[in-house]
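Please keep the sequence and the model in view while working through them.

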Amino acid sequence: MKIGLIGDSLTEGRPGVSFVNILRSNYPDITFVNHGKPGESTKSLFARLTKTTLETDYDLSFLWIGVNDVYSKLLSVQAQPVAKDREEFEEYYRKVLDFVLASANKVIVVTPALVGEDVTSTSNKEIKELSVLIESISSEHENVSCLNLQSVFEGYLDKVDSSDYISTKVMRVMKDVLLYKKTSRIDALSEKRGLHFTLDGVHLNSKGAQIVADTYSSLIGQLINEEKESS
């Protein structure tokens with residue numbers, strides 16, 4: 001089985017802890033191809049896909065994009081162009097999905113998860129609006145399903161008391177990439193910031209990476225079972 005993982009720094013696994021490495025450890029017989037790129041917005045991902053041809057033999061692809069369309073508005077410097085409004089976001093998301101659909105038998109679109117661990121924040125309310133839109137787009141395609149990852153994290157955040165810390169300075173994010181590579185150090189910095197599932201409000205610590213890996217795994221397991229039943 002071959003699985004494509006398309007997205008931004010959360011998929012690439014830097015800064016923070018990589019959920020993809022957990023998946024590779026859990027499923028040594030599956031080929032995972034990581035197409036994550038730091039700072040990617042929906043608009044910049046479309047530009048990348050027009051220049052980079054995806055392989056066309058994926059049994060399953062996960063498309064996890066959109067958090068930087070919200071998060072980048074808080075940053076002191078915007079690394080990538082973002083959609084100017086909901087209509088443009090939808091336009092580019094549909095274009096991206098078309099590229100991914102052409103390369104995979106089945107696609108799971110994943111909603112953005114968090115911009116800060118305060119689920120009541122303005123940014124997370126915007127994430128929720130994008131999630132509704134992404135779910136609506138996915139329902140138009142027979143071989144596309146939607147994973148609402150924000151809802152998954154909300155279930156965990158309801159049980160803890162997190163700070164409202166969010167890294168908004170690009171240099172701070174870069175320092176986290178360069179200086180915090182070991183899981184133990186990432187988790188220690190996360191704890192120091194009063195966070196439970198992220199390093200900086202967006203990127204994953206070990207608990208957050210495990211949640212994503214477990215959630216992806218449940219869907220991968222379903223596909224494996226379906227293939228067994230049909231063979």
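**Strands, salt bridges and buried residues**

Strands β1 and β2 pair in the parallel sense over six bridges; strands are DSSP runs of E with at least two residues, helices are runs of H or I with at least four, and both are numbered from the N terminus. Two strands count as paired if DSSP finds at least two bridges between them. This is a predicted model, in which local features need pLDDT of at least 70 and side-chain atom pairs count only at pLDDT 80 or more, while totals for chains, interfaces and linings use all residues. Residues are numbered from 1 along each chain as its sequence is written, and side-chain values use heavy atoms, with hydrogens and water left out.

Q: Which residue of β2 does G4 stand opposite?
A: Strands β1 and β2 run in the parallel sense and are joined over six bridges. In this pairing, the β2 residue opposite G4 is V33.

Q: Which residue in β3 stands opposite L5?
A: Strand β1 also pairs in the parallel sense with strand β3 (residues 60–64), over five bridges. Here the β3 residue opposite L5 is F62.

Q: How many of the six residues of strand β1 are buried?
A: Buried means under 20% relative accessible area, exposed means over 50%, and partly exposed lies in between (1.4 Å probe, protein chains only). In a regular strand the side chains alternate between the two faces of the sheet. K2, G4 and I6 point one way from β1, whereas I3, L5 and G7 point the other way, and all are buried. Strand β1 (residues 2–7) is therefore largely enclosed by the rest of the structure, the number of its buried residues being six of the six.

Q: Is G36 buried or exposed?
A: G36 is found in strand β2 (residues 31–36). Contact means heavy atoms within 4.5 Å, and, not counting residues up to four places away in sequence, G36 touches L5, G7, D8, T11, E12 and R48. Because its relative accessibility is 16%, G36 counts as buried.

Q: How far apart are the closest N and O atoms of E40 and R48?
A: A salt bridge requires a side-chain nitrogen of Lys or Arg within 4 Å of a carboxyl oxygen of Asp or Glu. E40 and R48 are both buried. They form a salt bridge in which the closest N and O atoms are separated by 2.4 Å.

Q: How many residues apart in sequence are the parts that K73 and E126 tie together?
A: The side chains of K73 and E126 meet in a salt bridge of 2.5 Å, N to O. K73 lies in the loop between α4 (67–71) and α5 (86–101) and E126 in helix α6 (residues 122–138), so the pair ties together parts whose separation in sequence is 53 residues.

Q: In which helix do K95 and E91 both lie?
A: The side chains of K95 and E91 meet in a salt bridge (3.1 Å, N to O). K95 is partly exposed at 30% relative accessibility, and E91 is partly exposed at 38%. The two residues are four apart, about one turn of the helix, and both lie in α5.

Q: What is the relative accessibility of S167?
A: S167 is placed in the loop between α7 (149–157) and α8 (170–179). Leaving aside neighbours within four places in sequence, S167 is in contact with several residues, including Y71, R172 and D200. S167 counts as buried because its relative accessibility is 1%.
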